[in-house]
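Below are my notes on the two-chain model you sent. They are set out as numbered points, to be read beside the sequence and the structure.

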Amino acid sequence: MINKVVSGAEEAIKDISDGATLMLGGFGLCGIPENCINALVKKAVTNLTCISNNAGVDDFGIGLMLKQRQVKKMISSYVGENAEFERQLLSGELEVDLIPQGTLATRCLAAGYGMPAIFTPAGVGTEVAEGKEIRNFDGKDYLLEYAFDADFAIVKAWKGDSAGNLIFRSTSRNFNPVMAMAGKVTIAEVEELVPVGELDPDHIHTPGIYVHRIFQGKDYEKRIEQRTVRVKS
Amino acid sequence: MSLSKEDIAKRIAKEIKDGYYVNLGIGIPTLVANYIPENINVVLQSENGLLGMGPFPFEGEEDADLINAGKQTITTLPGSSIFDSAMSFGMIRAQKVDLTILGAMEVSENGDIANWKIPGKMVKGMGGAMDLVASAKNIIVAMQHVNKAGESKLLSVCTLPLTGVKCIKKIVTELAVLNVLPEGGFQLVERAPGVSVEFIRQSTSGKLIVEGEIPEMNLEV
């Protein structure tokens, strides 16, 4: 098997340079590539375009990169919960492209499936449709949306093997598998890196062909954004 | 007397039928889950990638990897399934989800909805709302009849940026249950207990259609 293992986050992101377009997996703070984000903050690359459903919170996730003004443009579906983001957006320092969540996911999927574009009804008749081609199929209008073109996709998985095969856990799967398929170079950080042969081929969510670099992550904080519980009666 | 948020949720829960897959939005729609009758089987979809959303976990049993679309910690149920976000919106687009319940800032008499952006205020994004309203075959809006400034949210034409066009078929507010007719207009179906048709008329800026006697809502679960 081809060995995709690198020593850690710093090595994995070493050729990400200023102006790169990155996809970052996760939904809210769930399933985000914490190690790579911290390494990108340390490396202090700037002028980044980040494709990610959300933009983290002020002191965690992509919020850490925003604080250091490393992000030129965010492409997201929902960006609440982040005061620094709001400040940069209102002052014009940060460019933001808000797109429907399903469109975001499916533009990743299209890239990973080798399709240049998709048609979706999301946004027809709204400002999202401005300037976009509309096609009518069977009496209903659809927008033409292009596949993403990202230099790097950075994802987080639960388990992975040295061949780059990935398994995700629970709803931390979210955007990770579709982004993993969509990057020109895909970097995966995992909670548990195992030798080839230990993962059941039937249980793989992302085949290693999509993954170029993989490493054993460390010190996961896995912060919870909205801790909601019920009381035992 | 106008309904509480819980009562709006209670009334909407009566629209859920046995065997339904249901997507609940944030706010009043989330409360609907508390009033689904126990004798029917319903599966809740969370658009980040879960079918079979269970209740909040007991304290100490929260799992950072298991959240709903509102980023709240939740649980799974026997029979739950987990998938990626592309598949999640795939099943929404393909109309596998039977009922979508969401909040709104404005609804127009032809069924347009605005619920994501107020010009001049910080825009947080549409999340999955545009995908849901563009594809769902059955959408119920749960909202207040008038906004905090006392202005009607049921309009002839929406003033805020749209989320979707001609997609809303039913609205439940603290005052009334209304159908949005295909030819346009809010058809009054039920009144909140003690609320007069006249009061609903005053609170509705768009075209209100009242035919015959309008019954009061039954909130018994």
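1. Chain B has 221 residues, for which a compact globule would have a radius of gyration near 17 Å; chain B has 17 Å, which agrees. The radius is taken over C-alpha atoms, and the globule rule is 2.2 Å times the number of residues to the power 0.38. Along the principal axes, the C-alpha atoms of chain B fill a box of roughly 50 × 40 × 30 Å.

2. On provenance: this is a predicted model, in which local features need pLDDT of at least 70 and side-chain atom pairs count only at pLDDT 80 or more, while totals for chains, interfaces and linings use all residues. Residues are numbered from 1 along each chain as its sequence is written, chains are lettered from A and ligands numbered from 1 in the order in which they are written, and side-chain values use heavy atoms, with hydrogens and water left out.

3. Chain B has 5 helices and 13 strands. Helices (H or I, at least four residues) and strands (E, at least two) are DSSP runs, numbered from the N terminus. Of the 221 residues, 58% count as buried, where buried means under 20% relative accessible area, exposed over 50% and partly exposed in between (1.4 Å probe, protein chains only). Among the contacts in chain B with a separation of 6 or more, 62% are between residues 24 or more positions apart; a contact means heavy atoms within 4.5 Å.

4. The surface of chain B comes to about 9400 Å², and carbon and sulfur atoms supply 51% of it. These areas come from the Shrake-Rupley method with a 1.4 Å probe. There are 20 positive and 26 negative side chains in chain B, with the centres of the two sets 6 Å apart. Lys and Arg count as positive, Asp and Glu as negative, with His and the chain ends not counted.

5. One sheet of chain B is open and mixed, with 3 strands in the order β7-β6-β9. Its edge strands are β7 (113-114) and β9 (154-155), each of which pairs on one side only. Strands pair if DSSP finds at least two bridges between them. Strand β6 (residues 106-108) runs parallel to β9(B) and is joined to β9(B) by 2 bridges. B:Val107 stands opposite B:Leu154 in β9(B).

6. Chain A has 6 helices and 11 strands. For its 233 residues a compact globule would have a radius of gyration near 17 Å; chain A has 18 Å, which agrees. The C-alpha trace spans about 55 × 50 × 40 Å along its principal axes. Buried residues make up 57% of chain A, and 71% of its contacts with a separation of 6 or more join residues 24 or more positions apart.

7. Which residues of helix α2 (residues 34-43) of chain A are buried? They are A:Glu34, A:Asn35, A:Cys36, A:Ile37, A:Ala39 and A:Leu40. Their cover includes α1, β1, α3 (62-67), β8 (150-161), β10 (183-194) and β11 (213-216) of chain A. Just after α2(A), A:Ala44 takes a positive phi of about 60°.

8. A:Ser17 lies in the loop between α1 (9-12) and β1 (21-24) of chain A. With a relative accessible area of 42%, A:Ser17 is partly exposed. Leaving out residues up to four places away in sequence, A:Ser17 touches A:Val45 and A:Leu48. The C-alpha atoms of A:Ser17 and A:Asn47 are separated by 8.9 Å, with the two residues 30 apart along the chain.

Conventions. Charge placed at Lys NZ, Arg CZ, Asp CG, Glu CD.
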